[in-house]
Amino acid sequence: MHTRVMWWEEGKEVDSTTRTYQPRVLQFRLLQLFLLFLLVGLGVMIFGLNMIRYFGVQNVVPVQQSHFQPCFQEAHTLDTWIRPPSKLLHTMNDSELFWRASFVPGVKNYPFRRIPKIAFMFLTKGPLPLSPLWERFFKGHKGLYSIYIHSLPSYEADFPASSVFYRRQIPSQMVEWGMMSMCDAERRLLANALLDIDNEWFILLSESCIPLHNFSIVYRYLSRSRYSFMGAFDEDSPFGRGRYNPSLAPQVSLTEWRKGSQWFEVNRKLAIEIVADNTFYPRFKEFCRPSCYVDEHYFQTMLTILAPNLIANRTTTWVDWSRGGAHPATFGQADITKEFFKKISEDGTCIYNNQPSSLCFLFARKFAPSALEPLLALASEVFRY
């Protein structure tokens, strides 16, 4: 009996020990598996690092780099900033355009090779009937000029793609003769031309203007001049001082009041002055109305006040006022002869760079569409183009 009890008790003790041992074995095996996994992972990581060191990071992740696309393009080169607009049509209003065009670099010297250009600005109602003559004038001088056309908003030009006038129209607005809208159009032309940083000289022309000399002479004449060609005279007559309105004071006094031709040439510095002006503009808009014709007084007076030492006080565009009236004479087919242009070339002397000169006029107006054929016939002999 005693032996059985002992056996049962011993059996009980043996069973209890077995149960305690089994979970310890299980924990030990899990620990072994964890250590094995850790060693494998560590080995893979070491292998991967060695692969990266051997082949380089760029070869490991080429796909991510090749498929990255930025959400916008940044200006990485100077050319991005100095390149002229590829299209002249834009959505800026006048305030935005004038603000943008009046930017001036603070550093005087250009950090690139700049070839100064002449901006030819045509203020027209619509077509350019004398464009074939101008085509001959511009031929062979690409890169030395740019063209801008302000016509009626409703006019759609049909120049062929081969023409120098193709797609050279700027956003325009209605223009009334003798009103500030005329000067608005001229400022609009200047502002659009200023967007091309290579434009250095700016010439205002009409559809009835012609060049009297070849391009090389015109370019040399303007580029070598120390002055801009804006006629500005103190004319003591009913058509000069008689148009002055005392309400223009204090910005403009009677002794500062000037009159001159609408057709001008200015350099870049003066073009920016005209576009950036917000001092004289509101005064002239309010107090210079017909019979005060603002296009004959606004720029002329403003530049006389702001930069009298930079203007030559004459125009380079010849016109004939000898017939009287509110408009100059218009010349047609019957007027176009060698003798006619000889008289223009001999029409007195002028001052060029403070010296007397017989070369005074680069352009002439007004010529009717009927004058085109005889002008083309005389161009090579008389105008040398």
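**How many of the nine residues of helix α11 (residues 298–306) are buried?** Seven are, so the helix is largely enclosed by the rest of the structure. Buried means under 20% relative accessible area, exposed over 50%, and partly exposed in between, with a 1.4 Å probe and protein chains only. The views below start from the whole chain and return to α11.

This is a predicted model: local features need pLDDT of at least 70, side-chain atom pairs count only at pLDDT 80 or more, and totals for chains, interfaces and linings use all residues. Residues are numbered from 1 along each chain as its sequence is written, and side-chain values use heavy atoms, with hydrogens and water left out.

**View 1. The chain holds 13 helices and nine strands.** Helices (H or I, at least four residues) and strands (E, at least two) are DSSP runs, numbered from the N terminus. Of the 385 residues, 42% count as buried. Contact means heavy atoms within 4.5 Å. Among contacts between residues at least 6 apart in sequence, 80% join residues at least 24 apart. The chain exposes about 23,200 Å², and carbon and sulfur atoms supply 57% of that area. Accessible areas come from the Shrake-Rupley method with a 1.4 Å probe; for residues, only the protein chains shown count as cover.

**View 2. Four strands form an open sheet in the order β2-β1-β3-β5.** Its pairing is mixed. Two strands pair if DSSP finds at least two bridges between them. β2 and β5 are the edge strands, each pairing on one side only. Neighbouring strands of this sheet are turned by 20° against each other on average, direction ignored. Axes are lines fitted to C-alpha atoms, for helices over the stretch in contact, and angles run from 0 to 180 degrees between N-to-C directions. Helix α6 packs on the sheet and touches β1, β2 and β3 (199–206). The direction of α6 makes about 175° with that of β1. Helix α9 also packs on the sheet, touching β3 and β5. The direction of α9 makes about 100° with that of β5.

**View 3. β1, helix α6 (residues 131–138) and β2 make a right-handed β-α-β unit.** A crossover is right-handed if, with the strands pointing away from the viewer, the path from the first strand over the helix to the second runs clockwise. Strand β1 (residues 117–123) pairs with β2 in the parallel sense over six bridges. I118 stands opposite Y145 in β2. L123 has H150 of β2 as its bridge partner.

**View 4. Strand β2 (residues 145–150) is largely enclosed by the rest of the structure, because six of its six residues are buried.** Y145, I147 and I149 point one way from the strand. S146, Y148 and H150 point the other way. Both sets are buried.

**View 5. A second open sheet has three strands in the order β4-β9-β6.** Here too the pairing is mixed. The edge strands are β4 (210–211) and β6 (317–318), each pairing on one side only. β6 and β9 pair in the parallel sense over two bridges. W318 stands opposite A364 in β9.

**View 6. Helix α11 has Y298, F299, Q300, T301, M302, L303 and T304 as its buried residues.** What covers them includes α7 (180–194), β5 (265–267), α9 (268–276) and α10 (281–287).

**View 7. C288 and C292 form a disulfide.** A disulfide is a pair of cysteine sulfur atoms within 2.5 Å. A search of the whole structure finds two. The sulfur atoms of C288 and C292 are 2.0 Å apart. With -80° about the S-S bond, this link is left-handed. C288 is buried, with a relative accessible area of 4%. C292 also counts as buried, at 4%.

**View 8. C350 and C360 form a disulfide, their sulfur atoms 2.3 Å apart.** This link is left-handed, with -105° about the S-S bond. C350 lies in strand β7 (residues 350–352), and C360 in the loop between β8 (355–357) and β9 (363–364), ten residues apart. C350 and C360 are buried. With the bonded cysteines of the chain numbered in sequence order, the pairing is 1-2, 3-4.

**View 9. C183 is in no disulfide.** The nearest cysteine sulfur, that of C288, is 8.2 Å away. C183 counts as buried at 1% relative accessibility. Another cysteine, C209, is buried with a relative accessible area of 0%.
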